[in-house]
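Hello,

Here is the structure I promised to pass on to you. Have a look at it first, and then read on for what turned up.

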Number of protein chains: 2
Amino acid sequence: MRKGKLLIIDDESPVRDTVVGYLEDSQYEVIEASNGEDGLKLFRSAKPDLVLCDLKMPKIDGLVVLKTVLEESPNTPFIVVSGAGVMSDVVEALRLGASDYLVKPLSDLAVLEHSIEKNLSAANLMKQNESYRIRLEQTNQQLEADLKAGRKIQQKMLPDNRAVIHNYRLEHQIFPSHYLSGDFVDYFELNDHQFLFFIADVSGHGVSSAIITVLIKNYLQSLRGSWESDVHDQLSDPSRILAGLNLYLIEMGLDRHATMFVGVIDSAKAKLIYSCAAHFPTPILKRANDAEALPTDGLPVGLLPEAVYQNREKSLVDVSGMFLCSDGLLEIMDEASLVQKETRLLEIITESNNSLSEICAHFGMGNVEDIPDDITLLSVNNIGLI
Amino acid sequence: MRKGKLLIIDDESPVRDTVVGYLEDSQYEVIEASNGEDGLKLFRSAKPDLVLCDLKMPKIDGLVVLKTVLEESPNTPFIVVSGAGVMSDVVEALRLGASDYLVKPLSDLAVLEHSIEKNLSAANLMKQNESYRIRLEQTNQQLEADLKAGRKIQQKMLPDNRAVIHNYRLEHQIFPSHYLSGDFVDYFELNDHQFLFFIADVSGHGVSSAIITVLIKNYLQSLRGSWESDVHDQLSDPSRILAGLNLYLIEMGLDRHATMFVGVIDSAKAKLIYSCAAHFPTPILKRANDAEALPTDGLPVGLLPEAVYQNREKSLVDVSGMFLCSDGLLEIMDEASLVQKETRLLEIITESNNSLSEICAHFGMGNVEDIPDDITLLSVNNIGLI
C-alpha cells in the first residue's frame, strides 16, 4: 500500500532521480517537477500530501512556491531543501511556515524519509482533528434537530394560549431548561359552568420527563372521553383525578413522579375546588388590593400508592385572578430564602395586573439564558373583574 | 486592560529593561528572569501567555528552555532572540517549534511588538478552537444523555419480553435508528381465552415519533381501564381500536400518523381476529412446512377522519406462530425489489423456527450500524405446536 503522494520540486535532475528512487522504494507515490512554475501546476492538479522543494531555482524560487502553497493549502507539509550557504533563506522559509529543512547534498536519505514521515503524520493528525470536529458538529445538529422536532410535538399538546372559557382568560408560558419540558399545563371546559385547569412538574427534565407529561395529558384526555360519554364525573373532582393519576403512573412503572395542582372553577357559583399533589410554590389568588397564597398539601403523584388527596374549596367572589407557576421560577429569583421568594412573589402579583406578559417582563424571562429548571407560568383571570 | 502576560528571559539586564519598559507601555504585563533556570521556574509558576527568550545564556541556554517549555505547554508561543552570528541556532530553534525569531540588537521594538501580537492572536485562535471542541463534546454528551434517559423510559413502556400468555410465547426486539424509536409493540391478556398484540410504526423517527408511540400505548391502556371496569369490550375488536385511535390521533392535532396491525388471539377457539392500518410488511403465519402472508388493507391511523377499518378472521389450527416486523427490516435486506424482499422474508420464516434470536442472527441484527429506519420484530409462537 502506498504511504502517501509526494511532490518533489528540484531543478537538478540527478538529485530528483536519487530522491524519487529512494522514496518509491519506501512505498511512496512520487511526482516531480523541475521548476517552481511546473511544481505549482502539479501541486494544484495532483493534490499531493507533502511537498519537498528546493529553495534556489530559476524562474520561480522555492520561497515563492512555499508562500503560494501555504496560502492555498495551509495544512500541506512543506519541506525545503537548500544549499549549505543560504541559511538566511532557510530561516525565512521556516518562519513562513515550512515544516522542516534539509541541507544539500542529501547524503543520508533516511533523514529525509524520517522528516517526511514525521510531517505526514502530523498533517494526518490535523486532518483527523478536523474531521472529528466536523463529525461532532453534524452529530450535534442531528441530535438538536431530533429534540427540536420533539419539542414541537410537545408544544402542540399545550392548550390554546389566551383561551377564554366562560368569563375567564387563561394564559400560559413554558420556558424549558432543555429542548423538552418536564413541566406541563392544560385546561378545558367541562360544561357550561365548570372548567378544569392544571399545572404539573415532573421530576427531572428533558425527553424522559417530557414523556411523562404526555402520559399526564393523556390520562386526563382519557377521562375526558369517559366524561363526554357521561359515564364518570371524575373530572369535576380534582382529588379523584390525582388519586387515579397517582396509581396510573405507579402502574406504568416508569419510576417518575410529578407535583401537580388541579383546579376546577365553577363560574356560576364563583367557586374553586382544588386538590394538590405537593405542587410548589403555592398558587396565588389575586383580589383588587391584595393577594393570597392558597393552602395546599398532598404527596406527589407517581410516588406512593397509599397517597391520599383531598379537595379544598375557595370562594372566588372578589377574586380577579389566579397565578400558578413551577418551582423553576423561584430558582431565578434573587431573594436568599424560599420564604422570602414566596413573599416577594405574592408582592409582585399584588402589584401586577396578573397578565403573563407583565410578569414575564418583571422576571426578564425571554432574556434568561441557561435556565436551571423548566419554568412554567399560568394565569387565570376573570375578565369581568380585571 | 492588560493585553497578556509575557515572560522575558535574558541575561543582559539593559536589554530586559528596554524591552520590559516598552511592552509595559503597550499594556502588556511583563515578568522577567535573568537566566534559563529562573525562567523555567517563573514559566511554571506564573503561566505566561508568551515567552520571549534569549538563545545564548549561561547555565541553561535558550534551546533547552525552548524544548522544556514546548514539552510542558506545546501551545505557548515562544519567540527566540539571538545574536547576529548564530543563525544555526535560530534554525534549530525554529525547527524545534519556536514561533518566531528576532536578531539582537533589538533596534526596532515595534517589530518585536508586532511579532508578539501576531503570535498571541494565533495562540488565542488555537485556544478558541480547543474550547469550541470541548464545548461541542460537552453539548453532545448532554444531548445524548437526555436522549438515552428518554430511551430508557420508552423501553420501560414495552411489555415483558418472552412473556407467555395462555399457550403463546411473545417475543419482541426494537432496534431504534436513533435513540428513541417510532416503532412500538405491546401485548396483554384480555381474559382467560383472549389476548391482544399490536405493532405500530409512527411516521418519522426520534423523539417526536416516540411521543406518538406513548400516545398509542396510552390509548390502549385507557381502553384497558374501561375493559377492566367491564364497560366496554372494544379491546376484543381490533377494528374498533384502530377506528378510535385514528380519531384520537387526529383530534390531538399532532400531524403524525402511524401504520399499525392489531390482532386478538382466541386461544380456546384457535382463532385470530385482526385489523390493519396500512402496516407493511404483511404479518406472516407459520405452519410446520409452510408460511403464509396475511391479507391486509386499511389506511394509517391519524391521517384521515373518514378512514374505515375492518376485522378479518383466520383459523390458527396448525399455525405454530406469527412473525411481524416494521418496514425498517426490509430496508436492510439485499434483494432488489419489495416483492423479492417479501418473498425472501416468507422463505426465511418457513425455514426458521420463528424464534427471534434465530431471525436476528439471520439478519445480522446487533451488528448492523447506522440503521436507516427503526426496526421492530415481534414473534408470537404457540408453545404447544413448536
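Before the interface, one term: contact here means heavy atoms within 4.5 Å. By that rule, 43 residues of chain A touch 43 residues of chain B. Please keep in mind that this is a predicted model. The predictor gives the complex an ipTM of 0.82 and a pTM of 0.84. For chain A the average pLDDT is 91, and 97% of the residues score at least 70.

How much area is buried between chain A and chain B? The figure is about 4,000 Å², with carbon and sulfur atoms giving 69% of that area. In general, the size of an interface is often given as the accessible area lost when the parts come together.

There are polar links across the interface as well. The rule finds 16 residue pairs in polar contact between chain A and chain B, counting pairs with both residues at pLDDT 80 or more. On the side of chain A that touches chain B, the elements giving two or more residues are helix 4 (87–96), strand 5 (100–103), helix 5 (109–156), helix 6 (207–228) and helix 7 (238–252) of chain A. Helix 5 of chain A provides the largest share of that side, with 14 residues. Sorted by class, the side of chain A that touches chain B has 22 nonpolar, 11 polar and 10 charged residues.

Now to the charged pairs. Side chains of opposite charge can pair when their charged atoms come close. Over all chains, the search finds 42 salt bridges, and the count between chain A and chain B is 4. One salt bridge joins Lys156(B) to Asp255(A), where the closest N and O atoms are 2.9 Å apart. Another pairs the side chains of Arg133(A) and Glu137(A), at 3.0 Å from N to O. Arg133(A) and Glu137(A) are 4 residues apart in helix 5 of chain A, so about one helical turn separates them.

There is also a record to mention. UniProt, in an unreviewed entry, places the feature "domain: Response regulatory" at residues 5–119 of chain A. In the model, that span is 49% helix and 21% strand, and its end C-alpha atoms lie 13 Å apart.

Finally, a few backbone details in chain B are worth a look on screen. Most residues other than glycine have a negative phi, and most peptide bonds are trans. You will find Pro281(B) in the loop between strand 11 (271–277) and strand 12 (284–287) of chain B. Arg162(B), a residue other than glycine, has a positive phi, near 55°. Arg162(B) belongs to the loop between helix 5 and strand 6 (163–165) of chain B.

Happy exploring, and best wishes

How values were computed. Residues are numbered from 1 along each chain as its sequence is written. Chains are lettered from A and ligands numbered from 1 in the order in which they are written. Side-chain values use heavy atoms; hydrogens and water are left out. UniProt positions are given in the numbering used here, feature names are shortened, and annotations may be inferred rather than shown by experiment. Buried area is the accessible area (1.4 Å probe) that two parts lose on being put together, summed over both. A polar contact is a pair of N or O atoms within 3.5 Å; within protein, one must be able to donate a hydrogen and the other to accept it, and residues adjacent in sequence count only if both atoms are side-chain atoms. Ala, Val, Leu, Ile, Met, Phe, Trp, Tyr, Cys and Pro count as nonpolar, Asp, Glu, Lys and Arg as charged, and the others, Gly among them, as polar. pLDDT is the predictor's confidence in each residue, from 0 to 100.
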